[in-house]
Amino acid sequence: MGLAIYQVDAFTDQPFAGNPAAVCLLPAPRDEQWMQSVAREMNLSETAFLHREKDGWLLRWFTPAVEVALCGHATLASAHVLWETGQVLPDETARFHTKSGLLTAERNGSGVEMNFPAKIAAPADAPAGLAEALGVKPLFVGRSAFDYLVETDSAAAVRALKPDFTRLGELPVRGVIVTSGSDRPEFDFISRFFAPAAGVNEDPVTGSAHCTLGPFWETRLNKSEFTAYQASARGGVVKVRVAGDRVFLGGRAVTVLRGELL
């Protein structure tokens with residue numbers, strides 16, 4: 001018997017949009033080298049591996065190049081697969097034991113809401129080459145546990161970015177979040193996320209980046225609930241709710257492929 005594997009588009013209600021993740025359901029733990037090889041084979045920004053553990057599921061995430069400590073869209077995809085396959089009942093909470101602690105996901109109407117840790121970006125000096133690599137003049141630079149956060153002066157500037165990925169990949173962080181207020185009334189802010197050091201030049205929709213963006217825009221806009229748009233080529237919508245040291249991320253997901261690892 002092969003291992004079931006799924007490809008799910010997360011943070012979208014339409015196939016071939018949002019952020020694709022592979023989800024591999026395991027009967028027991030597998031070694032890291034094997035998981036990294038599968039993630040490289042799938043060649044998506046993240047492949048999630050999960051197996052039952054205690055009162056939930058042990059969940060790990062791999063890019064084609066490295067394991068990461070927190071991932072939103074592959075967690076959303078994992079919860080979606082567990083409900084879709086009946087491994088978790090429709091009214092049950094999906095519980096994930098991860099390198100970032102316990103994460104949960106609950107169905108919320110037609111979507112899913114996940115409970116994640118906030119990752120505050122403290123003001124920081126811009127590292128050498130950051131502005132040049134992005135081609136913008138930052139209004140603000142901060143650094144979280146994972147990433148640099150850069151605020152620009154307009155949504156148009158965010159959309160127009162054509163970064164130097166080689167230079168960004170030399171920075172000692174997972175990635176770089178670039179954000180601005182939105183120029184469309186249905187969204188509060190927009191962003192893009194670049195992580196060449198992790199093997200992903202641009203991630204289409206990055207849930208974990210919103211663990212930083214939510215608290216940042218809470219102070220800017222003086223409110224705690226947002227509708228955010230990640231302005232990648234595929235694009236995606238993230239609902240964000242900040243509650244103290246937690247950030248609730250909401251979105252939808254669509255399965256586009258079911259297969260078997262032989």
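The lining of the second largest cavity divides into seven nonpolar, two polar and one charged residue; here Ala, Val, Leu, Ile, Met, Phe, Trp, Tyr, Cys and Pro count as nonpolar, Asp, Glu, Lys and Arg as charged, and the others, Gly among them, as polar. The residues concerned are Leu168, Gly169, Val173, Arg174, Gly175, Val176, Phe194, Ala195, Pro196 and Ala197. Two or more of these lining residues come from each of the elements E12 and E13, strands (E, at least two residues) and helices (H or I, at least four) being DSSP runs numbered from the N terminus. The volume of this second largest cavity is about 30 Å³.

The model is predicted: local features need pLDDT of at least 70, side-chain atom pairs count only at pLDDT 80 or more, and totals for chains, interfaces and linings use all residues. Residues are numbered from 1 along each chain as its sequence is written, and side-chain values use heavy atoms, with hydrogens and water left out.

Rolling a probe the size of a water molecule over the atoms shows where empty space is left. On a 1 Å grid over the protein atoms alone, a cavity is a set of points where a 1.4 Å probe fits but cannot get out, whereas a pocket is an open set with protein on both sides within 12 Å along at least five of seven lines; lining residues have an atom within 4 Å of a point. Grid points are joined across faces, edges and corners, and a volume is the space filled by probe spheres set on the points.

Across the whole structure, the search finds two cavities of 30 Å³ or more. The largest cavity has a volume of about 130 Å³. Its lining comprises 18 residues, of which Glu46, Arg174, Phe193, Asp203 and Thr206 are the closest to the centre. E13 and E14 each contribute at least two residues to this lining, which is made up of eight nonpolar, seven polar and three charged residues.

Side chains of opposite charge can pair when their charged atoms come close. A salt bridge is a side-chain nitrogen of Lys or Arg within 4 Å of a carboxyl oxygen of Asp or Glu, and by this rule the count comes to 14. In one of them, Asp147 is joined to Arg174, with the closest N and O atoms 2.7 Å apart. This pair links distant parts of the chain, 27 residues apart: Asp147 lies in strand E11 (residues 147-151), and Arg174 in the loop between helix H5 (165-168) and strand E12 (175-181). Both residues are buried, where buried means under 20% relative accessible area, exposed over 50%, and partly exposed in between (1.4 Å probe, protein chains only).

Another salt bridge, at 2.8 Å from N to O, joins Arg192 and Glu202. The two residues are 10 apart and connect strand E13 (residues 189-195) to strand E14 (residues 200-203). Arg192 is buried at a relative accessible area of 7%, whereas Glu202 is partly exposed at 24%. Elsewhere, salt bridges link Glu32, Arg60, Glu67 and Lys99 in a network.

The largest pocket holds about 390 Å³ of space. Among its 23 lining residues, Val237, Lys239, Gly250, Gly251 and Arg252 lie nearest the centre. The largest share of this lining, five residues, comes from E16. By class, the pocket lining has seven nonpolar, nine polar and seven charged residues.
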